[in-house]
Structure formats: structure tokens, C-alpha cells
Amino acid sequence: MGSGVSRRYKYGINTERYFKNKILPRSRELLKILSFSYRRSLYLFRLFIKIDKDKSGQISLNEFRRFFGIRKGAFLERLFCILDSDQNGTLEFNEFVVGIWNFCTNDMHLLAKVRDITDADTPRKKRPFVTGDNGIHVLNQSLTYLGPMMLFFCSVCV
């Protein structure tokens, strides 16, 4: 297969078959809105299951931390909460895809949240709103903290 991901996923079902029968029906509309082709969507799912070591169908905070090599702490928890839109403590496939999309498209609201995480010592009132070139500056600063994760997310969208 070449991706380092087992050909079997939950319940011993073939990865592509599981994606096609279980994930795609729930995610089709979102993937279409984000303009991800079937091939790209399957690729994202294979990345998702690579992180989901326990094959639960959800990425836990620990799985996320281990995969990206981020140290435990408040930064990790706050970052994970940004991606965990339903705040249930895990990332489902749709949350994972939206997180990748937001990072890859430099969503300004997401960048503002990342700035809040990485610039916790500066009072909120003194932080400029993230726009244009300032957004790129915030993204560059964030790479210091997010490094491999940001590069990983952005490489997925290319």
C-alpha cells in the first residue's frame, strides 16, 4: 500500500471499503464543500487512521500528541480544543479534515486562535487583529510552536 497503514481497519474491514461504506456517507457533503476529491479524501482517511493507533475511529489527545511529537501541557490542550469542534475530547474524521483545511487555507479566525495560544503572555487588548501580511507573520511565528504538525497539514493539501 505504501502509506504505512494497515490494509484493515475497524472490525477487520479493508480500509477503502470502510471509508466507502462508513465514513463517506457521513462526510460526503463536507468533503464536497471543501473540494476534496474521492482520492484525496481517501488519502486523508488513511492519514487519520495512521494517527488513530487504537482504531477507535477517533483521535485522542495522546494519539495526537504522540504522532506530532508535541509535549504535554496547556499549549497542546488548547490546540486540540481548537480542532475538537464538538468538545468531546476526541477528533472524529470530519473534525480532522476541517482542521487540516483551516490550517492549509490560513483561516484568519483559526490563525487568531493560534496566536492566542502562542502569544499567551501578551494581553489580548494589545494583540492586533490578524489580517493580510500580519496573518503571514502570525503563521510564521506559529510554525515555531507547531512545526511538524503545520508542515504535515499543509503537505496534505498540496
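Predicted model: local features only at pLDDT ≥ 70, side-chain atom pairs only at ≥ 80, totals over all residues.

Mentor: Leaving out residues up to four places away in sequence, Asp84 touches Gly89, Thr90, Leu91 and Glu95.

Trainee: Where is Asp84 placed?
Mentor: Asp84 sits in the loop between helix 4 (74–83) and strand 2 (90–91).

Trainee: Buried or exposed?
Mentor: Asp84 is buried, because its relative accessible area is 2%, and the cut-off for buried is under 20%.

Trainee: Which backbone nitrogen does its side chain reach at 2.7 Å?
Mentor: That of Gly89. A polar atom of the Asp84 side chain also lies 3.2 Å from the backbone nitrogen of Asn88.

Trainee: Switching to the largest nonpolar core. Which residues touch the most other members?
Mentor: Phe19, Phe45, Phe48, Phe64 and Phe93, out of 30 residues. Helix 2 (38–51) gives the most to this core, with seven residues.

Trainee: And what is Phe48 in contact with?
Mentor: Setting aside neighbours within four places in sequence, its contacts include Tyr9, Ile59, Leu91, Phe93 and Phe96.

Trainee: Now helix 1. How far apart are its end C-alpha atoms?
Mentor: Only 23 Å, for 19 residues. A straight helix would reach 27 Å at 1.5 Å a residue.

Trainee: Where does helix 1 bend?
Mentor: At Leu24, by about 70 degrees, and Pro25 follows within four residues. Leu24 is among the buried residues of helix 1, which pack against helix 2 and helix 5.

Trainee: What caps the N-terminal end?
Mentor: Asn14 does, with a side-chain oxygen 2.9 Å from the backbone nitrogen of Glu16. Just after helix 1, Ser35 has a positive phi of about 65 degrees.

Methods: Residues numbered from 1 in each chain as written. Heavy atoms only, no water. Helix = DSSP H or I, 4+ residues; strand = E, 2+ residues; numbered from the N terminus. Buried < 20%, exposed > 50% of the residue type's maximum accessible area, 1.4 Å probe, protein only. Polar contact = N/O pair within 3.5 Å; in protein donor to acceptor, adjacent residues only side chain to side chain. Contact = heavy atoms within 4.5 Å. Core = buried A, V, L, I, M, F, W, Y, C linked by side-chain atoms within 4.5 Å. Expected span 1.5 Å × (residues − 1). Bend = angle between axes of the 7 residues up to and from the residue.
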